[in-house]
Amino acid sequence: MGHILGVWIAAGLTLMIFSFLYKDNPFYKFAEHVYVGVSAAYACFYTWDYFLMPKLINPLSQHHWLVIIPGIFGLMMLTRWFPRIAWVSRWPISVSVGVGSGLAVVQGMQGLVIPQIKSTILPVMGSSVTFNNLITNLWSHPINNLIIIVGTIATIIYFYFSKEHKGIIGGTAKVGIIFIMVAFGASFGYTVMARISLLIGRISFLINDWLVPLFHSFTH
Amino acid sequence: MKAQTKEKIESEASNVATAKSFSQWFHKGRINILVLIILFGSFFFIYVRMAKGKKLFIRKIAGLDAVEEAVGRSTEMGKPVLYCPGIGYLSDIATIASLTILGKVAKKTAEYETRIIMPNYDPLVMSAAQEIVKQSYTEGGRPDSFNEKDIFYLTQDQFGFAAGVDGIIMREKPGAIFFQGVFFAESLILAETGHSVGAIQIAGTDRVTQLPFFIASCDYTLIGEEMFAASSYLSRDPIMMGSIKGEDASKLTIVILIIVGAILGILGGLNIGPFGNWFYNFTNWFTRG
Amino acid sequence: MKRQIPLLLTFLTGVAIIISFFIPHKPFNQVQDTLLDWFIIISGFALLLGIYSLLRKHIIHIQKKDAGWGYSLILNSFFVGVFIVGIISAVQFKGMSLTPGSSLYYVYDYMVIPLSATMFSLLAFFIASAAYRAFRARKLNATLLLIAAVVVMLGRVPIVDNAFFKFLGQFSDWFMLIPQMAAKRGILIGIALGSFAMSLRIILGIERTYLQ
Amino acid sequence: MNIWEKLSKIDRRIIYLLLALVVIIPIVFKIPSTVAVSGPARMAFDAVDNLPPGTPIIFSTDFDPASMPELRPMMTAMLRHAFKKRLKVIMMGHWPTGIPLSTLILEEAAKEFEVEYGVDYVNIGYRPGAGAVMIQMGREIRNVFNVDIEGTPLDSLPMMKTIHNYSDIGLVACYEAGAMGDIWVQYAWGRFGVKIVMATTAVVTPECYPYLGAHQIEGLIGGMAGAAAYEKLVEHPDKAMIRMSSQAWAHILIIVFIIIGNIGYFMMRRMEKTKTKGA
C-alpha cells in the first residue's frame with residue numbers, strides 16, 4: 001500500500017512539474033512550494049546526520065575538545081539575529097573564506113595547472129608515434145598532439161588581459177576563441193543524449209511504474 | 001545532494017596510492033607545486049608593487065561592460081534585478097568571486113534605486129551577501145532602500161533551488177538576471193526560464209561543462225577566468241589590476257613551458273643527442289607526487 | 001576589531017592550509033581536513049539562519065495576505081510536516097533519521113527523488129529550445145559552434161548502419177577528445193590562475209568585498 | 001509576420017510537444033531502432049564470443065544508480081551473451097552502491113537462462129581498495145574475496161575451485177561511470193596482462209579511446225548507442241534499442257529545428273537586404 005500511494009504521489013508531482021513547460025500555473029506553483037518546503041526540511045536532517053553528528057556531536061562525546069572552537073564560530077553566526085552584535089558573524093565568515101582561498105591556491109596547482117601542463121607537453125613527431133590511417137585510428141594520430149598544443153596555447157592567450165588583442169596576440173586569441181566556440185558546440189551536442197536519457201527515465205517511470213499497473217488493476 | 005559530477009566520481013579512485021611515509025617535514029613529491037606557487041606568487045607581488053598609482057590597461061570584457069546597461073534597462077522597465085549566486089558554498093572560490101561582483105552590481109542598483117532579489121542555496125553565502133548589499137546601499141547613499149528580506153535562503157537541494165528560482169523568475173519577471181558563481185546541471189533550466197521572460201542575462205562560471213549552455217541562452221557570459229578578473233575590471237583599482245598582470249605573466253610562463261616541451265619532444269623524437277632523455281625528465285617533473 | 005580580526009582570520013586560515021599542504025608530518029598533515037571540518041560545522045549552524053529566513057519570509061506573506069499567500073502556507077506546512085516526520089524517524093532510528101526504512105526515507109524516495117529527477121529532465125526540453133534559438137549562423141564563431149554541435153549530435157545516434165555514420169560516430173568522439181579537450185584545458189589553466197590570484201588577493205586583504 | 005519570420009520564431013511549446021511525442025511513442029509501442037554497430041562495440045562482442053565455453057569472465061560493477069539507464073542494458077546484454085556461451089560469470093564491483101543493482105541484474109539474467117549459482121556464476125560483491133584489490137586478485141582472488149556476497153566461502157563454490165587469479169580468467173568486463181576503468185587498465189592490464197573490455201557511460205567514453213588505440217583493451221561499449229549495438233549483436237532487442245529510437249528521433253528533431261530556424265533567419269536577412277536596396 002505504501003508503495004502504491006508513493007507511486008501516485010511521485011507521478012502526480014512529476015506531472016505537475018512538467019506542466020511548467022506550458023506555462024507557470026497553480027499546479028507547478030504547488031509542486032514548487034512543496035519541493036522547497038520538503039527539501040529544506042530534509043536538508044536539516046541531512047545536515048544533522050552527515051555533518052553535525054559525525055563532525056561535532058560524536059567528537060564531543062569522545063572528548064575531542066578541539067571541535068569546541070568551530071562550535072563557537074558556529075554560534076557566532078547566529079549573532080546575525082541581533083543587529084547590534086551582528087558584526088561578530090564576520091569571524092566565521094572570514095574563516096570560511098580563508099579555507100576556500102587556501103584550498104584554491106594548492107588545489108588549483110595540484111589538480112589543474114600541473115596535470116594539465118603535463119598532459120599538454122606531448123611529442124609531436126618521432127619514432128614513438130606512427131602515422132596510422134586517419135579514419136580508422138583517429139585517436140592515435142600524432143597530429144592530434146599538435147592540435148592539442150596549438151589549441152591549449154591559443155585558448156590561454158585568449159585570456160591574456162593586459163595587452164590589447166592586436167598583432168600576434170590578437171591573432172592567437174582569435175584562434176583561441178575559435179577553439180573555444182567549437183568546443184562549446186561539441187560539448188553542447190554531446191550532452192543532448194544525456195539530457196534526453198533523463199526524460200526517457202521519467203517517461204519510463206510514468207508508463208511502467210504508474211500507468212501499466214493502473215491499467216492492469218482495471219483489467220483484472 | 002548535487003547530481004554526481006565527474007570530479008566527484010573521480011575522487012573515489014584517489015585512494016589507490018595512499019601508503020606514504022608521513023614522518024618527513026617536507027612533501028618531496030610536491031616540490032613541483034611549491035616551485036610553481038613561489039614563481040607565480042612572486043609575479044603577483046612584483047606586479048602588485050609596480051602597479052601602485054599607475055593606470056594599467058585591461059582588455060575589454062563585454063559581459064562586464066553590460067552590467068550598467070542591464071541594471072539601467074531593468075530600472076526603465078520598472079522591473080527588479082535578480083542575482084543568482086549558484087549552488088556553490090562559501091568555500092568555493094567562484095562563489096567568493098561572485099560575491100565581489102555582487103558588491104559592484106548592488107552599487108549600481110542602489111544608484112538606480114532598483115530592487116535586487118537574491119535567492120540563496122548556502123546560508124553562509126546568504127549572510128555574507130546581506131552584509132555586502134547593505135554596505136553597497138550605504139555607500140551609494142541609500143541605506144533605507146536596502147531590504148534584507150530580498151536576500152533570502154531557498155533550499156539546499158540542487159533542483160529544489162532551481163524550481164524555486166524558476167518560480168521567482170516567472171512571478172517577479174526581472175529585467176536583468178545575473179548568474180554568477182558555481183553552477184551544475186541547473187544552469188540551463190534557470191537560463192532558459194530567464195530568457196522566456198525577456199530578461200537581459202549576464203552569466204559567469206568556472207564550471208567548464210556548463211559554459212556552453214550559458215553561452216547559448218544568455219546575452220553575455222564570463223568564461224572562467226574572466227569572472228575572477230571581474231572585480232578588478234569593475235573597480236579599476238591599480239593594485240587589483242597589478243594582480244591581473246601577474247596572472248598574465250604566469251600564463252606566458254606556462255605557454256613557454258609547453259613550447260619548450262614540444263621542441264624537446266621533436267628533437268628527442270628525431271633521436272638528436274640527449275633530447276629524448278631531457279623530454280622524458282621534463283614531463284616527469286610534472287608528475288604528481 | 002570589527003575589521004582587523006576578520007582579515008587576520010582569513011589570512012591565518014588561508015596561509016595555514018597552504019603551508020600545511022607541504023608538510024606531511026603530524027599535526028600539519030591534518031590541518032586541511034580539520035579546517036574543512038570546521039567549515040562544515042559553521043555551515044551547519046548557518047543552516048538555522050537559512051531556515052529562519054525562508055520561514056519568516058513566507059510567514060510574512062501569509063500574515064499580509066500577499067498575492068499567492070496560499071502557496072506560502074503550503075510551503076510552511078510541508079516544511080513543518082516533514083520536520084515532524086523527521087523527528088519521529090530520528091527517535092525511531094536513534095538519531096539517524098535517514099536510515100532506509102524510516103518515514104523520512106519514504107518522503108525522500110517518493111517526493112524528493114521524483115521532484116528532482118523531473119526538474120532535471122526538463123533539461124531535455126530546454127536543451128532543444130536553446131539549440132533552436134541560439135544556433136543561428138550569424139557570424140563565423142556562431143557558425144562553427146553550430147556546425148560542431150550538429151556534427152557531434154549526428155555522431156551520437158548511428159541511425160543507419162553504414163560507413164558514414166560509423167565514421168561520424170568516431171569523429172564526434174575524436175572531436176571531444178582532441179580539439180574540445182584542448183580548449184577545455186586552456187580554459188581550466190586560466191581558471192586555475194584566476195583563482196590563484198583571487199585567493200592571494202583575499203588572503204592578503206587586498207580584496208575585501210566579502211567583509212563589507 | 002511572414003512565413004520566414006514565423007519559422008525563425010517558433011513557439012517553444014511546439015518544440016516541447018513534438019519532443020515529448022518522439023520520446024514517448026517508441027517507448028509506448030516498443031519500437032526498437034535500427035542501430036549501426038560501431039567497431040569498438042563489435043570488438044567487445046568478439047572478445048566475449050571468442051572465449052571457449054567454460055572460461056571464467058569477471059564483471060566489475062563500477063557505477064551507481066545514477067548511471068543505470070545506460071549501463072544496465074549493457075550488463076544485461078553481455079550477461080545473456082555469456083550465459084548463452086556457457087561462460088562462468090564472476091560478478092564483483094568497486095562501487096559499493098552499485099552492488100545491489102548488479103545483483104539484481106545478474107539474478108534476472110540467470111533466471112532467464114536457468115543457470116545455477118556456484119556452478120555457472122558467482123557474486124563476490126565489493127571490497128574497498130580499488131587498485132589494491134586488483135593487485136591482490138592477480139595473486140590470489142581469495143586474498144581479498146574469501147567469501148561471496150552471501151558469506152559463503154569461495155572454496156565451497158564448485159566453479160571457484162579451479163579459479164585462483166587472473167591467469168584463470170578469460171576476460172574482465174568493467175562497467176564504468178567514473179575513473180575506475182583507468183585503474184583496471186593500469187593494474188590488471190599493466191601488471192598482469194589481463195584482457196579487458198570496457199562498457200562506459202557516454203561521458204566517460206571519449207577518454208577510453210586511447211586505451212583502444214593502444215590495444216590496452218579489447219573492446220569498448222560506449223553509452224546508450226553502444227548498449228543498443230550489443231543488444232543487436234546478441235540478437236536480443238531490449239531497452240537500449242527501444243530507448244535508442246527515442247534518442248535518434250529526438251536528435252533528428254532538434255537538428256531539424258536548428259535547420260528550420262536558420263532557413264527562416266537567412267530568408268529574413270535576405271528580404272531585409274533587398275528592402276534596403278529598394279529604398
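**Interfaces and salt bridges in a predicted four-chain model**

Between chain B and chain A there are four salt bridges, a salt bridge being a side-chain nitrogen of Lys or Arg within 4 Å of a carboxyl oxygen of Asp or Glu. The model is predicted, so local features need pLDDT of at least 70 and side-chain atom pairs count only at pLDDT 80 or more, while totals for chains, interfaces and linings use all residues. Residues are numbered from 1 along each chain as its sequence is written, chains are lettered from A in the order in which they are written, and side-chain values use heavy atoms, with hydrogens and water left out.

In one salt bridge, the side chain of Glu131(B) meets that of Arg90(A), at 3.5 Å from N to O. The interface of chain B and chain A also holds 16 residue pairs in polar contact, both residues at pLDDT 80 or more. A polar contact is a pair of N or O atoms within 3.5 Å; within protein, one must be able to donate a hydrogen and the other to accept it, and residues adjacent in sequence count only if both atoms are side-chain atoms. Eight helices of chain B, H2 (31-51), H4 (93-112), H5 (123-139), H6 (158-172), H8 (211-217), H9 (225-235), H10 (238-269) and H11 (275-285), each supply at least two residues of the side that touches chain A. Helices (H or I, at least four residues) and strands (E, at least two) are DSSP runs, numbered from the N terminus. H10(B) has the largest share of that side, with 16 residues. By class, the side of chain B that touches chain A has 38 nonpolar, 15 polar and 14 charged residues. Here Ala, Val, Leu, Ile, Met, Phe, Trp, Tyr, Cys and Pro count as nonpolar, Asp, Glu, Lys and Arg as charged, and the others, Gly among them, as polar.

In all, 67 residues of chain B are in contact with 59 residues of chain A, contact meaning heavy atoms within 4.5 Å. Chain B and chain A bury about 5,700 Å² between them, 73% of it on carbon and sulfur atoms. Buried area is the accessible area (1.4 Å probe) that two parts lose on being put together, summed over both. A network of salt bridges links Asp24(A), Glu32(A) and Arg171(B).

The contact of chain C with chain A takes 105 residues from chain C and 111 residues from chain A. About 10,400 Å² is buried between these two chains, 82% of it on carbon and sulfur atoms. On the chain C side, Tyr71(C), Leu115(C) and Arg185(C) lose the most area to chain A, together 7% of what that side buries. One salt bridge is found across this interface of chain C and chain A. The side chains of Asp37(C) and Lys55(A) meet in a salt bridge at 3.1 Å, N to O. Polar contacts between chain C and chain A come to 16 residue pairs, both at pLDDT 80 or more. H4(C) gives the most to the side of chain C that touches chain A, with 23 residues. That side divides into 79 nonpolar, 21 polar and five charged residues.

Within chain C, the domain assignment gives domain 1 (1-66) and domain 2 (71-134); domain bounds come from an automatic or database domain assignment. The centres of these two domains, taken over C-alpha atoms, are separated by 26 Å. Their contact takes seven residues from domain 1 of chain C and five residues from domain 2 of chain C. The two domains of chain C bury about 560 Å² between them, 76% of it on carbon and sulfur atoms. Leu55(C), His58(C) and Ile62(C) supply 69% of the area that domain 1 of chain C buries against domain 2 of chain C.

Over all chains, the count comes to 27 salt bridges. Glu226(B) pairs with Arg59(B), the closest N and O atoms being 3.2 Å apart. Glu226(B) lies in helix H9 of chain B and Arg59(B) in the loop between H2 and helix H3 (62-76), so the pair ties together parts 167 residues apart in sequence. Glu226(B) is buried at 4% relative accessibility, and Arg59(B) is buried at 7%. Buried means under 20% relative accessible area, exposed over 50%, and partly exposed in between (1.4 Å probe, protein chains only). In chain D, Glu112(D) forms a salt bridge with Arg80(D), with the closest N and O atoms 2.9 Å apart. Glu112(D) is partly exposed at 41% relative accessibility, whereas Arg80(D) is buried at 9%.
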